Amino acid sequence: MSGLLHWLGSPGVLPVLVGIGKAITLLLGVVLTGALLIWVERRLLGLWQDRWGPNRVGPLGLGQVVADMVKIFFKEDWTPSFVDRPVFVLAPCIALSVMMLGFAIVPVVPGWQVADLNIGILFFLAIASLGVYAVMLGGWASNNKYSLLGGLRSAAQMITYEVFMGLAVMGVVVQVGSFKLGDIVAAQANGWFVLPQFLGFLLFALAGVAATHRAPFDLPEAEQELAAGFHTEYSGMKFGMFFVGEYVGVVVVSALLTTLYFGGWQGPWLPPIVWFALKTGAFIVLFILLRAALPRPRYDQLMDGGWKVCLPLALINLLVTAAVILARQPV
Amino acid sequence: MLAILRGIWSNLRSLVIIFAHLWRHKDTIEYPEVKPYLPPRYRGRIVLTRDPDGQERCVACNLCAVACPVGCIALQKTETEDGRWYPEFFRINFSRCIFCGLCEEACPTNAIQLTPDFEMCEYDRQNLVYEKEHLLISGTGKYPDYNFYRVAGMSIAGKPKGTAEHEALPVDVKSLLP
(Lines give C-alpha, C1' and ligand atoms only; values in the text may rest on other atoms or scores of the structure.)
Protein backbone atom coordinates (compact mmCIF):
# COMPACT_ATOMS: atom_id res chain seq x y z
CA MET A 1 0.00 0.00 0.00
CA SER A 2 2.76 2.41 0.99
CA GLY A 3 4.64 1.32 -2.11
CA LEU A 4 1.64 2.27 -4.21
CA LEU A 5 1.40 5.66 -2.51
CA HIS A 6 5.10 6.17 -3.00
CA TRP A 7 4.74 5.34 -6.68
CA LEU A 8 1.79 7.71 -7.00
CA GLY A 9 3.83 10.48 -5.43
CA SER A 10 6.78 10.03 -7.77
CA PRO A 11 7.17 12.71 -10.44
CA GLY A 12 5.63 12.06 -13.81
CA VAL A 13 2.91 9.68 -12.59
CA LEU A 14 0.26 12.24 -11.78
CA PRO A 15 0.14 13.77 -15.29
CA VAL A 16 -0.26 10.29 -16.72
CA LEU A 17 -3.13 9.52 -14.37
CA VAL A 18 -4.78 12.84 -15.15
CA GLY A 19 -4.39 12.10 -18.85
CA ILE A 20 -6.00 8.68 -18.41
CA GLY A 21 -8.83 10.26 -16.43
CA LYS A 22 -9.44 12.82 -19.15
CA ALA A 23 -9.39 10.14 -21.82
CA ILE A 24 -11.90 8.01 -19.94
CA THR A 25 -14.13 11.04 -19.35
CA LEU A 26 -14.09 11.92 -23.04
CA LEU A 27 -14.73 8.31 -24.01
CA LEU A 28 -17.70 8.06 -21.67
CA GLY A 29 -18.96 11.41 -22.90
CA VAL A 30 -18.85 10.28 -26.51
CA VAL A 31 -20.50 6.93 -25.86
CA LEU A 32 -23.21 8.51 -23.72
CA THR A 33 -23.83 11.14 -26.38
CA GLY A 34 -24.06 8.34 -28.91
CA ALA A 35 -26.62 6.56 -26.74
CA LEU A 36 -28.52 9.79 -26.21
CA LEU A 37 -28.70 10.20 -29.98
CA ILE A 38 -31.06 7.20 -30.10
CA TRP A 39 -33.60 9.37 -28.33
CA VAL A 40 -32.64 12.62 -30.08
CA GLU A 41 -33.01 11.05 -33.49
CA ARG A 42 -36.35 9.42 -32.74
CA ARG A 43 -37.70 12.60 -31.22
CA LEU A 44 -36.55 14.85 -34.07
CA LEU A 45 -37.68 12.47 -36.80
CA GLY A 46 -41.04 12.33 -35.07
CA LEU A 47 -41.35 16.10 -34.87
CA TRP A 48 -40.43 16.49 -38.52
CA GLN A 49 -43.01 13.89 -39.47
CA ASP A 50 -45.76 15.70 -37.51
CA ARG A 51 -45.60 13.23 -34.64
CA TRP A 52 -44.28 13.65 -31.10
CA GLY A 53 -41.84 10.77 -31.02
CA PRO A 54 -41.11 8.86 -27.80
CA ASN A 55 -42.32 11.19 -25.02
CA ARG A 56 -43.70 8.75 -22.45
CA VAL A 57 -40.78 7.27 -20.50
CA GLY A 58 -39.51 9.80 -18.00
CA PRO A 59 -39.32 13.56 -18.54
CA LEU A 60 -39.57 14.38 -22.28
CA GLY A 61 -39.20 10.67 -22.96
CA LEU A 62 -35.54 10.72 -21.91
CA GLY A 63 -36.02 7.43 -20.08
CA GLN A 64 -36.33 5.89 -23.53
CA VAL A 65 -32.52 5.92 -23.72
CA VAL A 66 -32.28 3.75 -20.61
CA ALA A 67 -35.14 1.54 -21.76
CA ASP A 68 -33.57 0.98 -25.18
CA MET A 69 -30.18 0.22 -23.63
CA VAL A 70 -31.63 -2.21 -21.11
CA LYS A 71 -33.53 -3.90 -23.92
CA ILE A 72 -30.52 -4.29 -26.14
CA PHE A 73 -28.32 -5.57 -23.28
CA PHE A 74 -30.78 -8.30 -22.36
CA LYS A 75 -31.81 -9.37 -25.83
CA GLU A 76 -30.78 -12.82 -26.92
CA ASP A 77 -27.46 -12.55 -28.71
CA TRP A 78 -27.94 -15.24 -31.30
CA THR A 79 -25.22 -16.29 -33.69
CA PRO A 80 -26.62 -18.15 -36.70
CA SER A 81 -25.05 -21.56 -37.38
CA PHE A 82 -23.99 -20.68 -40.91
CA VAL A 83 -21.81 -17.67 -40.10
CA ASP A 84 -18.03 -17.43 -39.92
CA ARG A 85 -17.93 -17.10 -36.17
CA PRO A 86 -14.62 -15.33 -35.35
CA VAL A 87 -15.06 -12.74 -38.06
CA PHE A 88 -18.75 -12.37 -37.24
CA VAL A 89 -17.83 -11.45 -33.66
CA LEU A 90 -14.91 -9.26 -34.68
CA ALA A 91 -16.83 -7.00 -37.06
CA PRO A 92 -19.04 -5.12 -34.54
CA CYS A 93 -16.06 -4.68 -32.22
CA ILE A 94 -14.21 -2.94 -35.04
CA ALA A 95 -17.25 -0.81 -35.84
CA LEU A 96 -17.51 0.63 -32.33
CA SER A 97 -13.85 0.83 -31.34
CA VAL A 98 -12.69 2.44 -34.56
CA MET A 99 -15.23 5.22 -34.34
CA MET A 100 -14.34 5.88 -30.72
CA LEU A 101 -10.63 5.99 -31.63
CA GLY A 102 -11.49 8.64 -34.17
CA PHE A 103 -12.59 10.96 -31.39
CA ALA A 104 -9.17 10.76 -29.74
CA ILE A 105 -7.77 13.59 -31.88
CA VAL A 106 -10.60 16.08 -31.37
CA PRO A 107 -9.75 18.99 -29.05
CA VAL A 108 -12.95 19.41 -27.04
CA VAL A 109 -11.76 22.33 -24.91
CA PRO A 110 -8.24 23.71 -24.47
CA GLY A 111 -6.21 21.00 -22.80
CA TRP A 112 -8.87 18.33 -23.14
CA GLN A 113 -7.80 16.09 -25.92
CA VAL A 114 -6.88 12.45 -25.76
CA ALA A 115 -3.99 12.71 -28.20
CA ASP A 116 -2.78 15.87 -29.94
CA LEU A 117 -1.09 13.94 -32.72
CA ASN A 118 1.02 15.87 -35.17
CA ILE A 119 -0.63 13.80 -37.90
CA GLY A 120 -4.12 14.35 -36.44
CA ILE A 121 -6.08 14.58 -39.68
CA LEU A 122 -4.22 11.70 -41.28
CA PHE A 123 -4.97 9.60 -38.20
CA PHE A 124 -8.65 10.29 -38.60
CA LEU A 125 -8.60 9.43 -42.30
CA ALA A 126 -6.79 6.17 -41.55
CA ILE A 127 -9.24 5.32 -38.77
CA ALA A 128 -12.25 6.13 -40.95
CA SER A 129 -10.87 3.85 -43.65
CA LEU A 130 -10.49 1.06 -41.09
CA GLY A 131 -14.16 1.49 -40.33
CA VAL A 132 -15.03 -0.09 -43.66
CA TYR A 133 -13.61 -3.40 -42.42
CA ALA A 134 -16.38 -3.61 -39.85
CA VAL A 135 -19.06 -3.41 -42.50
CA MET A 136 -17.24 -5.53 -45.06
CA LEU A 137 -16.29 -8.30 -42.65
CA GLY A 138 -19.74 -8.23 -41.11
CA GLY A 139 -21.33 -8.59 -44.53
CA TRP A 140 -18.94 -11.35 -45.54
CA ALA A 141 -19.09 -13.34 -42.30
CA SER A 142 -22.90 -13.29 -42.25
CA ASN A 143 -22.94 -15.71 -45.21
CA ASN A 144 -26.07 -14.06 -46.50
CA LYS A 145 -26.39 -12.60 -49.97
CA TYR A 146 -28.05 -9.38 -48.84
CA SER A 147 -25.40 -8.83 -46.20
CA LEU A 148 -22.70 -9.47 -48.78
CA LEU A 149 -24.28 -6.97 -51.15
CA GLY A 150 -24.35 -4.45 -48.32
CA GLY A 151 -20.69 -5.13 -47.58
CA LEU A 152 -19.73 -4.72 -51.23
CA ARG A 153 -21.64 -1.48 -51.53
CA SER A 154 -20.00 -0.22 -48.38
CA ALA A 155 -16.50 -1.03 -49.67
CA ALA A 156 -17.08 0.79 -52.96
CA GLN A 157 -18.74 3.74 -51.25
CA MET A 158 -15.90 4.04 -48.74
CA ILE A 159 -13.19 4.03 -51.40
CA THR A 160 -15.07 6.66 -53.37
CA TYR A 161 -15.73 8.97 -50.48
CA GLU A 162 -12.50 8.55 -48.50
CA VAL A 163 -10.55 9.84 -51.49
CA PHE A 164 -12.21 13.20 -51.76
CA MET A 165 -12.75 13.46 -48.02
CA GLY A 166 -8.99 13.52 -47.63
CA LEU A 167 -8.56 15.96 -50.50
CA ALA A 168 -11.30 18.28 -49.24
CA VAL A 169 -9.74 18.59 -45.83
CA MET A 170 -6.31 19.27 -47.34
CA GLY A 171 -7.48 22.80 -48.11
CA VAL A 172 -7.56 23.51 -44.38
CA VAL A 173 -4.23 21.78 -43.89
CA VAL A 174 -2.63 23.90 -46.60
CA GLN A 175 -3.93 27.09 -45.00
CA VAL A 176 -2.71 26.17 -41.52
CA GLY A 177 0.41 24.34 -42.56
CA SER A 178 -0.14 21.63 -39.96
CA PHE A 179 -2.04 18.38 -39.51
CA LYS A 180 -2.41 19.06 -35.80
CA LEU A 181 -6.00 19.78 -34.82
CA GLY A 182 -4.82 22.01 -31.98
CA ASP A 183 -3.03 24.21 -34.51
CA ILE A 184 -6.05 24.19 -36.80
CA VAL A 185 -8.30 25.46 -34.00
CA ALA A 186 -5.74 28.08 -32.99
CA ALA A 187 -5.48 29.31 -36.59
CA GLN A 188 -9.22 30.04 -36.62
CA ALA A 189 -9.01 32.67 -33.90
CA ASN A 190 -9.51 35.44 -36.47
CA GLY A 191 -12.08 33.76 -38.67
CA TRP A 192 -13.53 30.35 -39.20
CA PHE A 193 -12.37 28.28 -42.15
CA VAL A 194 -15.93 27.77 -43.33
CA LEU A 195 -15.69 31.02 -45.31
CA PRO A 196 -12.43 30.57 -47.23
CA GLN A 197 -12.97 26.80 -47.43
CA PHE A 198 -16.70 26.73 -48.10
CA LEU A 199 -16.42 24.21 -50.93
CA GLY A 200 -14.12 22.07 -48.83
CA PHE A 201 -16.62 22.23 -45.97
CA LEU A 202 -19.47 21.07 -48.21
CA LEU A 203 -17.41 18.22 -49.61
CA PHE A 204 -16.16 17.14 -46.20
CA ALA A 205 -19.67 17.20 -44.77
CA LEU A 206 -20.92 15.11 -47.70
CA ALA A 207 -18.10 12.61 -47.30
CA GLY A 208 -18.68 12.55 -43.54
CA VAL A 209 -22.30 11.55 -44.02
CA ALA A 210 -21.20 8.86 -46.45
CA ALA A 211 -18.46 7.63 -44.10
CA THR A 212 -20.94 7.00 -41.29
CA HIS A 213 -23.42 5.23 -43.63
CA ARG A 214 -26.13 7.65 -42.66
CA ALA A 215 -29.13 8.32 -44.84
CA PRO A 216 -29.14 9.48 -47.63
CA PHE A 217 -25.90 7.50 -48.06
CA ASP A 218 -27.10 4.41 -46.20
CA LEU A 219 -26.79 2.11 -49.19
CA PRO A 220 -24.89 -0.54 -47.19
CA GLU A 221 -27.90 -1.00 -44.90
CA ALA A 222 -30.77 0.11 -47.14
CA GLU A 223 -33.64 -1.36 -45.14
CA GLN A 224 -35.95 -1.36 -48.13
CA GLU A 225 -33.76 -3.13 -50.67
CA LEU A 226 -31.25 -5.16 -48.65
CA ALA A 227 -33.20 -5.99 -45.50
CA ALA A 228 -30.78 -4.00 -43.31
CA GLY A 229 -27.79 -5.08 -45.42
CA PHE A 230 -24.63 -5.94 -43.56
CA HIS A 231 -26.29 -6.33 -40.15
CA THR A 232 -29.21 -8.54 -41.20
CA GLU A 233 -27.91 -11.50 -39.20
CA TYR A 234 -26.85 -9.53 -36.13
CA SER A 235 -28.86 -9.43 -32.95
CA GLY A 236 -28.54 -8.38 -29.34
CA MET A 237 -25.45 -6.53 -28.24
CA LYS A 238 -23.56 -7.20 -31.49
CA PHE A 239 -26.21 -5.28 -33.38
CA GLY A 240 -26.14 -2.74 -30.58
CA MET A 241 -22.44 -2.16 -31.16
CA PHE A 242 -23.03 -1.49 -34.86
CA PHE A 243 -25.88 0.79 -33.88
CA VAL A 244 -23.99 2.78 -31.24
CA GLY A 245 -20.92 2.78 -33.50
CA GLU A 246 -22.95 4.57 -36.14
CA TYR A 247 -24.10 7.19 -33.66
CA VAL A 248 -20.59 7.64 -32.29
CA GLY A 249 -19.52 8.12 -35.91
CA VAL A 250 -22.10 10.89 -36.23
CA VAL A 251 -20.72 12.56 -33.11
CA VAL A 252 -17.14 12.26 -34.34
CA VAL A 253 -17.85 13.65 -37.79
CA SER A 254 -19.88 16.51 -36.30
CA ALA A 255 -17.07 17.27 -33.86
CA LEU A 256 -14.56 17.25 -36.71
CA LEU A 257 -16.70 19.57 -38.83
CA THR A 258 -16.83 21.91 -35.85
CA THR A 259 -13.11 21.70 -35.28
CA LEU A 260 -11.99 22.00 -38.87
CA TYR A 261 -14.39 24.59 -40.23
CA PHE A 262 -16.22 26.30 -37.36
CA GLY A 263 -13.44 27.26 -34.99
CA GLY A 264 -13.77 24.34 -32.58
CA TRP A 265 -14.30 25.52 -29.01
CA GLN A 266 -13.68 29.16 -29.87
CA GLY A 267 -16.44 31.70 -29.38
CA PRO A 268 -17.29 34.78 -27.37
CA TRP A 269 -18.94 35.04 -23.91
CA LEU A 270 -19.76 31.38 -23.34
CA PRO A 271 -17.22 28.88 -21.99
CA PRO A 272 -15.45 26.74 -24.62
CA ILE A 273 -17.25 23.52 -23.74
CA VAL A 274 -20.62 25.15 -24.38
CA TRP A 275 -19.50 26.45 -27.76
CA PHE A 276 -18.15 23.06 -28.71
CA ALA A 277 -21.34 21.31 -27.63
CA LEU A 278 -23.54 23.86 -29.41
CA LYS A 279 -21.70 23.62 -32.70
CA THR A 280 -21.43 19.84 -32.60
CA GLY A 281 -25.09 19.57 -31.63
CA ALA A 282 -26.08 21.74 -34.58
CA PHE A 283 -24.27 19.40 -36.95
CA ILE A 284 -25.84 16.35 -35.34
CA VAL A 285 -29.26 17.92 -35.92
CA LEU A 286 -28.25 18.58 -39.52
CA PHE A 287 -27.32 14.89 -39.87
CA ILE A 288 -30.76 13.88 -38.65
CA LEU A 289 -32.44 16.48 -40.85
CA LEU A 290 -30.68 15.03 -43.88
CA ARG A 291 -32.03 11.62 -42.98
CA ALA A 292 -35.53 13.01 -42.49
CA ALA A 293 -35.64 14.93 -45.74
CA LEU A 294 -33.61 13.33 -48.51
CA PRO A 295 -34.17 10.11 -50.46
CA ARG A 296 -31.40 7.60 -51.02
CA PRO A 297 -29.57 7.96 -54.36
CA ARG A 298 -29.22 5.01 -56.70
CA TYR A 299 -25.93 3.12 -56.47
CA ASP A 300 -24.58 4.34 -59.84
CA GLN A 301 -25.60 7.91 -59.00
CA LEU A 302 -23.62 7.60 -55.78
CA MET A 303 -20.53 6.46 -57.66
CA ASP A 304 -21.00 9.12 -60.37
CA GLY A 305 -21.39 11.86 -57.80
CA GLY A 306 -18.29 10.75 -55.95
CA TRP A 307 -15.85 10.27 -58.81
CA LYS A 308 -17.12 12.68 -61.46
CA VAL A 309 -18.29 15.64 -59.38
CA CYS A 310 -16.88 15.65 -55.88
CA LEU A 311 -13.35 14.44 -56.62
CA PRO A 312 -12.68 17.11 -59.31
CA LEU A 313 -14.24 19.76 -57.09
CA ALA A 314 -12.01 18.74 -54.18
CA LEU A 315 -8.95 18.89 -56.43
CA ILE A 316 -9.94 22.34 -57.73
CA ASN A 317 -10.49 23.52 -54.18
CA LEU A 318 -7.05 22.29 -53.16
CA LEU A 319 -5.36 23.84 -56.23
CA VAL A 320 -7.03 27.23 -55.80
CA THR A 321 -6.21 27.30 -52.08
CA ALA A 322 -2.59 26.44 -52.80
CA ALA A 323 -2.41 29.07 -55.55
CA VAL A 324 -3.79 31.78 -53.27
CA ILE A 325 -1.36 30.85 -50.51
CA LEU A 326 1.54 30.94 -52.96
CA ALA A 327 0.48 34.28 -54.45
CA ARG A 328 0.24 35.85 -51.00
CA GLN A 329 3.66 34.65 -49.89
CA PRO A 330 6.36 37.29 -49.76
CA VAL A 331 8.94 36.55 -52.43
CA MET B 1 -25.08 22.50 -65.05
CA LEU B 2 -28.51 24.04 -64.77
CA ALA B 3 -29.91 20.63 -63.87
CA ILE B 4 -27.35 20.19 -61.10
CA LEU B 5 -28.12 23.62 -59.65
CA ARG B 6 -31.80 22.88 -59.83
CA GLY B 7 -31.24 19.58 -58.06
CA ILE B 8 -29.23 21.25 -55.31
CA TRP B 9 -31.94 23.90 -54.92
CA SER B 10 -34.63 21.24 -54.73
CA ASN B 11 -32.76 19.33 -52.01
CA LEU B 12 -32.10 22.47 -49.97
CA ARG B 13 -35.72 23.45 -50.30
CA SER B 14 -36.91 20.10 -49.00
CA LEU B 15 -34.48 20.41 -46.08
CA VAL B 16 -36.00 23.78 -45.14
CA ILE B 17 -39.56 22.52 -45.57
CA ILE B 18 -38.95 19.44 -43.42
CA PHE B 19 -37.26 21.59 -40.77
CA ALA B 20 -40.26 23.93 -40.73
CA HIS B 21 -42.45 20.95 -39.84
CA LEU B 22 -40.97 21.31 -36.34
CA TRP B 23 -43.63 23.93 -35.61
CA ARG B 24 -46.51 22.28 -37.40
CA HIS B 25 -49.55 20.92 -35.67
CA LYS B 26 -48.87 17.34 -34.61
CA ASP B 27 -51.26 14.64 -35.77
CA THR B 28 -50.62 12.45 -32.72
CA ILE B 29 -53.58 12.02 -30.36
CA GLU B 30 -51.95 11.55 -26.96
CA TYR B 31 -54.24 8.75 -25.94
CA PRO B 32 -54.51 8.34 -22.19
CA GLU B 33 -54.90 12.10 -21.72
CA VAL B 34 -56.92 12.77 -24.87
CA LYS B 35 -59.62 10.21 -25.55
CA PRO B 36 -60.53 9.60 -29.16
CA TYR B 37 -64.14 10.14 -30.27
CA LEU B 38 -66.04 6.88 -30.41
CA PRO B 39 -69.30 6.89 -32.40
CA PRO B 40 -72.40 5.54 -30.62
CA ARG B 41 -72.41 2.43 -32.76
CA TYR B 42 -68.77 1.62 -31.99
CA ARG B 43 -68.38 -2.10 -31.41
CA GLY B 44 -66.57 -2.39 -28.10
CA ARG B 45 -67.11 -4.17 -24.78
CA ILE B 46 -70.18 -6.43 -24.84
CA VAL B 47 -72.90 -5.98 -22.20
CA LEU B 48 -76.13 -7.74 -21.28
CA THR B 49 -78.98 -5.26 -20.81
CA ARG B 50 -82.18 -5.30 -18.79
CA ASP B 51 -85.69 -4.40 -19.91
CA PRO B 52 -87.47 -1.26 -18.59
CA ASP B 53 -88.85 -3.28 -15.66
CA GLY B 54 -85.35 -4.14 -14.57
CA GLN B 55 -85.58 -7.80 -15.53
CA GLU B 56 -82.92 -9.56 -17.53
CA ARG B 57 -83.60 -9.37 -21.25
CA CYS B 58 -81.64 -12.47 -22.15
CA VAL B 59 -83.88 -15.48 -22.69
CA ALA B 60 -80.98 -17.92 -23.09
CA CYS B 61 -81.95 -18.83 -26.68
CA ASN B 62 -78.30 -19.53 -27.57
CA LEU B 63 -78.55 -17.67 -30.90
CA CYS B 64 -75.62 -15.43 -30.02
CA ALA B 65 -73.44 -18.40 -29.16
CA VAL B 66 -74.40 -20.00 -32.48
CA ALA B 67 -73.77 -16.82 -34.45
CA CYS B 68 -70.41 -16.14 -32.83
CA PRO B 69 -67.73 -16.94 -35.44
CA VAL B 70 -65.01 -17.56 -32.85
CA GLY B 71 -67.19 -19.38 -30.35
CA CYS B 72 -66.39 -17.14 -27.41
CA ILE B 73 -69.88 -17.14 -25.87
CA ALA B 74 -71.06 -19.90 -23.53
CA LEU B 75 -74.34 -19.98 -21.61
CA GLN B 76 -76.78 -22.37 -19.95
CA LYS B 77 -80.56 -21.92 -19.99
CA THR B 78 -82.67 -22.16 -16.88
CA GLU B 79 -86.20 -21.07 -15.95
CA THR B 80 -87.84 -18.99 -13.24
CA GLU B 81 -90.97 -20.23 -11.51
CA ASP B 82 -93.22 -18.00 -13.65
CA GLY B 83 -91.87 -19.54 -16.84
CA ARG B 84 -89.37 -16.91 -17.93
CA TRP B 85 -86.18 -18.24 -19.44
CA TYR B 86 -82.86 -16.78 -18.34
CA PRO B 87 -79.22 -17.86 -18.48
CA GLU B 88 -77.90 -19.76 -15.49
CA PHE B 89 -74.44 -18.62 -16.46
CA PHE B 90 -73.37 -16.41 -19.31
CA ARG B 91 -69.69 -16.29 -20.16
CA ILE B 92 -67.81 -14.32 -22.85
CA ASN B 93 -64.15 -14.99 -23.40
CA PHE B 94 -62.88 -11.58 -24.52
CA SER B 95 -59.45 -12.94 -25.34
CA ARG B 96 -61.17 -14.65 -28.29
CA CYS B 97 -63.87 -12.11 -29.09
CA ILE B 98 -63.29 -10.23 -32.34
CA PHE B 99 -66.01 -7.62 -31.69
CA CYS B 100 -67.76 -8.40 -34.95
CA GLY B 101 -71.22 -7.65 -33.53
CA LEU B 102 -72.89 -10.75 -35.00
CA CYS B 103 -74.19 -11.72 -31.55
CA GLU B 104 -75.94 -8.36 -31.30
CA GLU B 105 -77.51 -8.88 -34.72
CA ALA B 106 -78.62 -12.40 -33.82
CA CYS B 107 -80.19 -11.50 -30.47
CA PRO B 108 -84.02 -11.65 -30.71
CA THR B 109 -84.54 -9.71 -27.47
CA ASN B 110 -81.93 -6.91 -27.86
CA ALA B 111 -80.27 -8.26 -24.73
CA ILE B 112 -76.67 -8.49 -25.88
CA GLN B 113 -75.24 -5.16 -27.06
CA LEU B 114 -71.84 -3.78 -28.00
CA THR B 115 -70.78 -0.50 -26.39
CA PRO B 116 -68.24 2.21 -27.24
CA ASP B 117 -65.63 1.09 -24.73
CA PHE B 118 -62.40 -0.65 -25.59
CA GLU B 119 -60.34 -0.12 -22.44
CA MET B 120 -60.41 -3.62 -21.09
CA CYS B 121 -56.75 -4.69 -21.00
CA GLU B 122 -55.61 -7.20 -18.40
CA TYR B 123 -52.22 -8.52 -17.36
CA ASP B 124 -53.69 -11.98 -16.83
CA ARG B 125 -55.49 -13.65 -19.70
CA GLN B 126 -57.88 -15.40 -17.33
CA ASN B 127 -59.25 -12.01 -16.31
CA LEU B 128 -60.56 -11.51 -19.83
CA VAL B 129 -63.19 -14.19 -19.28
CA TYR B 130 -66.27 -12.19 -18.24
CA GLU B 131 -69.07 -13.88 -16.29
CA LYS B 132 -72.67 -12.75 -16.14
CA GLU B 133 -72.03 -10.56 -13.12
CA HIS B 134 -69.49 -8.60 -15.16
CA LEU B 135 -71.60 -8.45 -18.30
CA LEU B 136 -74.99 -7.56 -16.90
CA ILE B 137 -75.69 -3.83 -16.60
CA SER B 138 -78.62 -2.20 -14.84
CA GLY B 139 -79.77 -0.13 -17.84
CA THR B 140 -81.58 -0.78 -21.09
CA GLY B 141 -78.75 0.12 -23.45
CA LYS B 142 -79.66 1.30 -26.93
CA TYR B 143 -83.38 0.35 -26.77
CA PRO B 144 -84.93 2.07 -23.73
CA ASP B 145 -88.55 0.94 -24.29
CA TYR B 146 -88.20 -2.58 -25.54
CA ASN B 147 -89.57 -5.37 -23.37
CA PHE B 148 -89.61 -8.79 -24.97
CA TYR B 149 -92.19 -10.45 -22.74
CA ARG B 150 -94.66 -7.60 -23.21
CA VAL B 151 -94.67 -7.78 -27.01
CA ALA B 152 -94.02 -11.46 -27.66
CA GLY B 153 -96.66 -14.19 -27.47
CA MET B 154 -94.85 -16.20 -24.83
CA SER B 155 -97.10 -17.24 -22.01
CA ILE B 156 -95.63 -16.77 -18.60
CA ALA B 157 -97.22 -16.73 -15.19
CA GLY B 158 -99.62 -13.77 -15.03
CA LYS B 159 -99.66 -13.27 -18.78
CA PRO B 160 -101.45 -15.85 -20.88
CA LYS B 161 -101.12 -16.08 -24.65
CA GLY B 162 -102.64 -13.21 -26.64
CA THR B 163 -102.46 -10.54 -23.97
CA ALA B 164 -99.27 -8.87 -25.06
CA GLU B 165 -99.27 -5.40 -26.60
CA HIS B 166 -100.58 -5.23 -30.19
CA GLU B 167 -101.63 -8.84 -29.92
CA ALA B 168 -104.99 -10.50 -30.48
CA LEU B 169 -106.19 -13.55 -28.58
CA PRO B 170 -105.21 -16.79 -30.25
CA VAL B 171 -107.71 -18.03 -32.78
CA ASP B 172 -109.58 -21.16 -31.79
CA VAL B 173 -108.88 -23.20 -34.88
CA LYS B 174 -111.71 -25.61 -34.11
CA SER B 175 -114.31 -22.80 -34.32
CA LEU B 176 -113.30 -22.11 -37.90
CA LEU B 177 -114.58 -25.40 -39.03
CA PRO B 178 -117.19 -25.08 -41.78
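The dialogue below treats a helix pair and then a sheet.

Author: This is a predicted model, in which local features need pLDDT of at least 70, side-chain atom pairs count only at pLDDT 80 or more, and totals for chains, interfaces and linings use all residues. Residues are numbered from 1 along each chain as its sequence is written, and chains are lettered from A and ligands numbered from 1 in the order in which they are written.

Reader: How do the axes of H10(A) and H11(A) cross?

Author: Two packed helices are described by the angle between their axes and the distance between the axes. Here helix H10 (residues 236–261) of chain A and helix H11 (residues 272–293) of chain A have axes that come within 8 Å and cross at roughly 125°.

Reader: Which residues of H10(A) and H11(A) meet?

Author: Among them are Val250(A) and Leu257(A) in H10(A), and Phe276(A) and Phe287(A) in H11(A); contact requires C-beta atoms, placed from the backbone, within 7 Å.

Reader: In what order do the strands of the sheet in chain B stand?

Author: Strands (DSSP runs of E, at least two residues) pair if DSSP finds at least two bridges between them. In chain B, three strands form an open antiparallel sheet in the order S2-S3-S5. S2 and S5 of chain B each have a single partner strand, so one side of each lacks a neighbour in the sheet.

Technical notes: Helices (H or I, at least four residues) and strands (E, at least two) are DSSP runs, numbered from the N terminus. Axes are lines fitted to C-alpha atoms, for helices over the stretch in contact, and angles run from 0 to 180 degrees between N-to-C directions. Two residues are in contact if their C-beta atoms, placed from the backbone, lie within 7 Å.
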